[in-house]
Amino acid sequence: LLGELEKIRLLDERGHLDFVNEIRWTEKENVEKRDGVDIKTIDLNNTEKVGLEISRDPEVIGLIRKWNGGNAFKKLTRNSINAAGAVGILSIKKTDRHAYIHGGRMVERLWLKANLLGLAFQPVSASVFMYARCMEGKGEGLDKSSYSRFMALRPAFEKFFLKNSGERELFIFRLSVSEKIAVKSLRKPLNEMFYYL
């Protein structure tokens, strides 16, 4: 299910743009921006890495869409999930900004605790953000076909991930036990992120 949702996202023009902009494709870009996802932190074999780099090109994505392809995107997600020791979801009952702020604090605490316990914590939340765009944003920025495909999968998503009626997904993640990572994500210094009044 997550793989199919990821495939829809990557084949959508806006979803593809979001993906390309969240990855730091080169060391230079990673050092300059200090945000996003460093490609070296994604567990990819050489073939998968080359495939992702080729898929940066919107024309390539257009051809994949035209040929009704894209199953390799599903495989990447499936491999990621299969390699995890567990997959978790944080959900919220309200969708106002206070609930999202509180939920974000919970994600941060969980992430830090997992790291303290020696667990690798990896977001698998692209579907969460796409559903937010579909449901709260009424599909703004998505083509009609992508929106329809996302919404057609919504009942299965709710059945699998949301046990209580009325809850909304906030964050999906995978946990695994792994060796100390050699490459760590770079982040901006705090003084660039917070302003004290």
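Axes are lines fitted to C-alpha atoms, for helices over the stretch in contact, and angles run from 0 to 180 degrees between N-to-C directions. The model shown in these views is predicted.

**View 1. Helix α8 packs against helix α9.** Two packed helices are described by the angle between their axes and the distance between the axes. Here α8 covers residues 126-135 and α9 covers residues 144-161. Their angle is about 115°, and the axes lie 11 Å apart. Angles of 65 to 115 degrees count as roughly perpendicular, so α8 is roughly perpendicular to α9. The crossing of α8 and α9 is left-handed.

**View 2. Residues in the contact of α8 with α9.** From α8 come Ser127, Met130, Tyr131, Cys134 and Met135. From α9 come Tyr147, Phe150, Met151, Leu153, Arg154 and Phe157. By class, the contact has nine nonpolar residues, one polar and one charged.

**View 3. An open sheet of three strands.** The strand order is β3-β5-β4, and the pairing is antiparallel. β3 (86-92) and β4 (119-123) are the edge strands, each pairing on one side only. From one strand to the next, the twist averages 30°.

**View 4. Pairing of β3 with β5.** β5 spans residues 168-177. Seven bridges join β3 and β5 in the antiparallel sense. Val87 has Arg174 of β5 as its bridge partner.

**View 5. Helices on the sheet: α7 and α9.** Helix α7 (residues 97-116) packs on the sheet and touches β3, β4 and β5. The direction of α7 makes about 5° with that of β5. Helix α9 lies across β3 and β5. α9 runs at about 60° to β5.

Terms used. Residues are numbered from 1 along each chain as its sequence is written. This is a predicted model: local features need pLDDT of at least 70, side-chain atom pairs count only at pLDDT 80 or more; totals for chains, interfaces and linings use all residues. Side-chain values use heavy atoms; hydrogens and water are left out. Helices (H or I, at least four residues) and strands (E, at least two) are DSSP runs, numbered from the N terminus. Angles under 35 degrees count as roughly parallel, over 145 as roughly antiparallel, 65 to 115 as roughly perpendicular and the rest as oblique. A crossing is left-handed if the near helix is turned anticlockwise from the far one by less than a right angle, and right-handed if clockwise. Contact means heavy atoms within 4.5 Å. Ala, Val, Leu, Ile, Met, Phe, Trp, Tyr, Cys and Pro count as nonpolar, Asp, Glu, Lys and Arg as charged, and the others, Gly among them, as polar. Two strands pair if DSSP finds at least two bridges between them.
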